[in-house]
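Good morning, and thank you for the time on today's agenda.

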Amino acid sequence: MLVVACGGGKHARPAPSAPVTQGNKAKPAVLAVGEVDIQTWGPDVKLPKGMQKQVLGLAQAYYDTAVHAPLGSGKLGAGYVALFDLPLRAAASGSDAQAMTDVSLGQVSKYTETASKVKISGLADDRGILRYLATNFSMRVDATTAQGLVRITRSVELTYAPSGRTWLVTAYRVTTVRSTPKAKTTTSVAAGGGTTKP
Amino acid sequence: MGQRIRLPISHLRRVLLVGTALVGALALGCTGLFAAWLAGIRVPIASGATYLRVEKIAPLAGANRVAGGPTAPFFILLVGNDFRPGVPGSRGDALHLLGVNPKLKQASMLDIPRDTCWQGDKINAANTHGARASATAVGGLVGVPVSYVVQVNFDGFTNLVDGVGGVDVHVQTQMHDSYSGAYFSPGFQHMTGGQALSFARNRHDFPNSDITRTGNQGSLILDAMRMLDQKMQSADGEFRLLALLGRHAEVDGIGISDLYRLGRLAFSLNPDQIKNITIPITNGQCLGLGGGAASLFADFADDGILESH
């Protein structure tokens, strides 16, 4: 793991990954931390291990509830909506769900999941307190549906802000590409942080 | 005849040691401060690296204003001032009023020539009394409440543009001006901070002087927004830009969360769809409002965007 603070760090895409899982009863892919880059208004800041674990857990929770659970059951996993702060909940589970989740795919008979390592970015204030964190990762699902084979690639950026003792998703950018032997569709959504990109 | 004083060896050694320690400490301190400055860390004694000032203009007590919700239109005054060290006050020589409508995801901008008359004086003079005075003058002229004032001086502007790697500016006409140092051919030009400043200051190339210059400044702002928009398409980019702002901006009444929200909002706007109009003015030393100004301001004031202009 590379920890960089105050202007350092590469502007890299998430490293190609390792976690793979298969089958419709399989456990979800386990996300792992890749690069960490904390920007700051003041003194250098390192991401505490506990906070790193916490935010990785949130990214994992998104993965489990938005991608893995729908592949197995055709439904969102429990707790998906609670990952988001209030202003985002309607969009995350409504208008943006096509890009954010794999519910529209329905239950699939066979699938393979692959996820990249998770890049964590952060912004600390002038006192060195972390005010925003973001996770960035990509994933790929190869699934066999009633309509045939489909490949889904998705790049996910979730930005979190503190809410009490936990962190909630306060903004997101997600791009999902669904490819079948006959067609390819791309859906991009971005919301939060005070606005929703049209 | 003077008497030579011989210091004991141990005393000389002590003096030498203390002297060496002092020089060492001074060198270490200077190196530390320099390193901090290079890293962009604000060190009060060595800072000098404040590029811009962002100020939230709270409504005056008893002001007749309706509080707006998070989706209500709001107005940001962008000021390029002529601050020079040792000269008190600084005039607002570049004045641009940005109206933002979060609900419609749209914005418009009015360019205000610096010589526009406001209450018997040139409007740029208001800034010598501070950001609030400038906000009151421009807001009063147009008929809108100004919520934020962003000020930048020559050095700050230059450093900011250089800090983001320069800016691609669309030059409309040939520029050959020795006063500002603007020598540009028409078309898109990648400019450093110094070049962008020359472009923004050039008025001698134009028959109507500051009027065209003001319009060029507006175009430059939109070109900069286009460029930043590309860099802000990730949380990583947002955090880097905000960190740059945080290290090099004085903020008053506004925090990191406000700036994050404003940044997200600003870059949810499509710069190509931001209308940019120089307000109509008449000739003279102190420029009066020209025909059509009233309807332009009304169009702008109702929801922050220009729909019928």
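This is a predicted model: local features need pLDDT of at least 70, side-chain atom pairs count only at pLDDT 80 or more; totals for chains, interfaces and linings use all residues.

The buried residues of helix α3 in chain B pack against β1 (52-56), β2 (74-81), β7 (148-152), β8 (167-171) and α4 of that chain.

Which residues of α3(B) are buried? Within this helix, which spans residues 154-163, they are Gly156(B), Phe157(B), Leu160(B) and Val161(B). Because they cover an arc of only 125° around the axis, they lie on the same side of α3(B). After the helix comes Gly165(B), with a positive phi near 85°.

Where is Lys105(B) found? It sits in the loop that links β3 (92-101) with β4 (106-112) of chain B. Lys105(B) has 17 other C-beta atoms within 10 Å, and is therefore classed as partly exposed.

The second case is Ser209(B), again a residue other than glycine, with a positive phi of about 50°. Ser209(B) belongs to the loop between α4 (193-201) and α5 (210-231) of chain B. For Ser209(B) the count is 14 other C-beta atoms within 10 Å, so this residue is also partly exposed.

Let me turn to another glycine. Gly187(B) is part of strand β11, residues 187-191, of chain B. Is Gly187(B) buried or exposed? It counts as exposed, because it has 9 C-beta neighbours inside 10 Å. The C-alpha atom of Gly187(B) is separated by 32 Å from that of Val142(B), and the two residues are 45 apart along the chain.

Finally, some remarks on confidence in chain A. The average pLDDT of chain A is 85, and 83% of its residues score at least 70. Where is confidence lowest in chain A, and where is it highest? The lowest value belongs to strand β1 (residues 3-5) of chain A, with a mean of 32, and the highest to strand β5 (residues 118-124) of chain A, at 96. Over residues 1-15 of chain A, pLDDT stays under 50, and for this stretch the model has 36 contacts beyond four places in sequence.

Thank you; I would be glad to take questions.

Conventions: Residues are numbered from 1 along each chain as its sequence is written. Chains are lettered from A and ligands numbered from 1 in the order in which they are written. Helices (H or I, at least four residues) and strands (E, at least two) are DSSP runs, numbered from the N terminus. A residue is buried if 20 or more other C-beta atoms lie within 10 Å of its own, exposed if 12 or fewer, and partly exposed in between; C-beta atoms are placed from the backbone. The arc is that of the directions from the helix axis to the C-beta atoms. Two residues are in contact if their C-beta atoms, placed from the backbone, lie within 7 Å. pLDDT is the predictor's confidence in each residue, from 0 to 100.
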